[in-house]
Amino acid sequence: PFEERCTKWEKQLMGMQETFDEWISCQKVWLYLEPIFGSEDIMRQMPTEGRRFAAVDAMWRKVMKATNDEPAVLKVAEMEKLLEKFQEANKFLDL
C-alpha cells in the first residue's frame, strides 16, 4: 500500500512537472507577443498569426482565471487536458 501510494504520487508529480514546463514555455512567448498582437495595426498586417495568437490568448486567460479562482496546485493539475492545451498553444506560438 505505501509503495503504491508513493508510485501514484510520483506519477502525479511527474505529470505536473511536464505540465508546468509547457506552461512556463507558453508564458514566456505569450508575455513577449501579447503587447505586439495587442496592436490592431499588427493584427491587420498579420491576420493568420493574429488569429493563432488570439486562440492562445483566449486559452491563456481562461486558465489564468481558473487558476486564480482555485489556486491549489492539486486542483489546477486536475484541470481537464491542461497539458494538451499548453502543448497545442506552444505549437501555435512556434509557427
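Guide: Begin with the surface. Accessible areas come from the Shrake-Rupley method with a 1.4 Å probe. In this predicted model, the protein exposes about 7100 Å², and carbon and sulfur atoms supply 57% of that area.

Visitor: What is the radius of gyration of the protein, and what would a compact globule have?

Guide: The value is read against a rule for globules. A compact globule of 95 residues would come out near 12 Å, but the protein has 16 Å. The box gives another view: along the principal axes, the C-alpha atoms fill roughly 60 × 25 × 20 Å.

Visitor: What share of the contacts in the protein joins residues 24 or more positions apart?

Guide: Here the pairs considered are those with a separation of 6 or more. Of these contacts, 73% are between residues 24 or more positions apart.

Visitor: How many positive and negative side chains does the protein have, and how far apart are the centres of the two sets?

Guide: Charge is read as a count and as a placement. The count is 14 positive and 18 negative side chains. The centres of the two sets lie 4 Å apart.

Visitor: How does the span of helix α3 stand against the expected value?

Guide: A helix span is read from its first C-alpha to its last. Helix α3 covers residues 47-69, which is 23 residues, and reaches 32 Å. That is close to the 33 Å expected at 1.5 Å a residue.

Visitor: Which residues of α3 are buried, and which helices do they pack against?

Guide: Burial needs a cut-off: a residue is buried when its relative accessible area is under 20%. By that cut-off, 23% of the 95 residues of the protein count as buried. In α3 the buried residues are G50, F53, V56, D57, M59, W60, V63 and T67. They pack against α1 (2-37), α2 (40-45), α4 (73-77) and α5 (82-94).

Visitor: Why does D57 count as buried?

Guide: D57, in helix α3, counts as buried because its relative accessibility is 16%, and the cut-off is under 20%. Leaving aside neighbours within four places in sequence, D57 is in contact with W30 and E34. The C-alpha atoms of D57 and Q45, twelve residues apart along the chain, are separated by 18 Å.

Visitor: Is T19 buried or exposed?

Guide: T19 lies in helix α1 and is buried, with a relative accessible area of 11%. Not counting residues up to four places away in sequence, T19 touches L82 and L83.

Visitor: Where is L74, and which residues does L74 touch?

Guide: L74 is in helix α4. Its relative accessible area is 34%, so L74 is partly exposed. With residues up to four places away in sequence left out, L74 touches W9, Q12 and M16. L74 and Q12 are 62 residues apart along the chain, and their C-alpha atoms are separated by 9.2 Å.

Visitor: What is phi of K81, and where is K81 found?

Guide: Backbone angles are read residue by residue. Phi of K81 is near 55°, a positive value in a residue other than glycine. K81 sits in the loop between α4 and α5. At 56% relative accessibility, K81 counts as exposed.

Key
Residues are numbered from 1 along each chain as its sequence is written. This is a predicted model: local features need pLDDT of at least 70, side-chain atom pairs count only at pLDDT 80 or more; totals for chains, interfaces and linings use all residues. Side-chain values use heavy atoms; hydrogens and water are left out. The radius of gyration is taken over C-alpha atoms; the globule rule is 2.2 Å times the number of residues to the power 0.38. Buried means under 20% relative accessible area, exposed over 50%, partly exposed in between (1.4 Å probe, protein chains only). Contact means heavy atoms within 4.5 Å. Lys and Arg count as positive and Asp and Glu as negative; His and the chain ends are not counted. The place of a charge is taken as NZ of Lys, CZ of Arg, CG of Asp or CD of Glu. Helices (H or I, at least four residues) and strands (E, at least two) are DSSP runs, numbered from the N terminus. The expected span of a helix is 1.5 Å times one less than its number of residues.
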